[in-house]
Amino acid sequence: MKIAVLPGDGIGPEIVAQAVKVLDRLKADGLKIEMEYAPIGGAGYEAAGDPLPEATLKLSQEADAVLLGAVGDWKYDTLPRDQRPERGLLRIRKGLNLFANLRPALLYPELASASTLKPEVVSGLDLMIVRELTGDIYFGQPRGISTLENGEREGINTMRYNESEIRRIGRVAFDIAMKRNKKVCSVDKANVLETTELWRQVMIELAKEYPEVELSHMYVDNAAMQLVRAPKQFDVMVTGNIFGDILSDEASMLTGSIGMLPSASLDANNKGMYEPSHGSAPDIAGKDVANPLATILSVAMMFKYTFNDEASFNRIDNAVKKVIAAGYRTADIWTEGTQKTSCSAMGDAVVSAL
Ligand code: NAD
């Protein structure tokens, strides 16, 4: 298992160091893991004048999986756009053809009070959002701002999906549902948008290949409402790029703790890039207070989705459940009566629980 490790900026190196402790432990227990480090984001700019140095992309392309911390720091905000850290992220996603973004929203019962929603609404939440990442209105042509004959300016973006793009993201969702509770909710706006009318048709066709999976459809406006009304009705939700962008952020807030949420972005062969859902948190960088659990859980996802190693996924997942149940809390999830734990101590606690 060749893993490219890209710590990035801000809290990236601190949280990735904890995830690497977990990988080191699995390695000591016999897994054949190789790790190689490379800079990305601001670190890439500092090392090679480029937020995605060529060597970093090459290493990532040759690896089986990529572990990423986070990129970005306010000090780079004045750089030309193509040299800013965030550009490195977009380029690596494209360079690795990562078209499927998986974002679980999972709430540990002990953390239910961290959510802004009532504990009974979110307690036990376990939802997976599968978002298409390389198509839709974010990439469709034509696009741009032009000036009309009457001198008025007009902005244009184009919502566009072809059948094969819909089918391949649908397949990811159905395959994941087969490993979970076998329910897929496809989110569209088929009553208004032809692109998503096609989306719905293709999902219905695809469902025939997965007779065990129950497919339902929901309009995006209703889905936004249902996510805060009764989020536990969902198992796997699959949707296009723009709807997924919005709904996955909404879903992540159901859990109230951004430091707990992992993510995976996969290509057609299940090669993936794994990273926490949050950013580089420059406000707390270098203080050893960040929550490393989203990054550690991203490593768990790596075993499940890229290495097809359910046992290691469960081992890491159970270790995290154990430390939460034992009352260890980093500052972002700390409540009265629990034990305030530093970033590195949290990593150590997970390794002990392993
Ligand atoms: P952020 O996610 O970095 O931080 C938002 C808030 O959450 C901050 O208060 C931060 O301290 C807190 N936070 C985030 N992760 C945490 C963790 N693991 N433990 C404890 N607290 C945590 O978002 P932002 O402040 O809007 O952006 C900061 C930088 O990150 C910007 O440069 C932005 O472009 C970048 N960014 C990168 C990614 C990425 O690398 N995928 C994603 C989002 C933002």
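The C-alpha centres of domain 1 and domain 2 lie 24 Å apart. This is a predicted model, in which local features need pLDDT of at least 70, side-chain atom pairs count only at pLDDT 80 or more, and totals for chains, interfaces and linings use all residues. Residues are numbered from 1 along each chain as its sequence is written, and side-chain values use heavy atoms, with hydrogens and water left out.

Colleague: What makes domain 1 and domain 2 the parts of the chain?
Modeller: The bounds come from an automatic or database domain assignment. Domain 1 is 1-99 + 267-354 and domain 2 is 102-258.

Colleague: How much area do domain 1 and domain 2 bury between them?
Modeller: About 1,700 Å², 69% of it on carbon and sulfur atoms. Buried area is the accessible area (1.4 Å probe) that the two parts lose on being put together, summed over both. Phe99, Ser277 and Tyr305 supply 37% of what domain 1 buries against domain 2, more than any other three residues.

Colleague: Why is Glu275 called buried?
Modeller: Buried means under 20% relative accessible area, exposed over 50%, partly exposed in between (1.4 Å probe, protein chains only). Glu275 has 7%, so Glu275 is buried.

Colleague: Why is Cys343 called buried?
Modeller: Its relative accessible area is 0%, so Cys343 is buried. Cys185, at 5%, is buried too.
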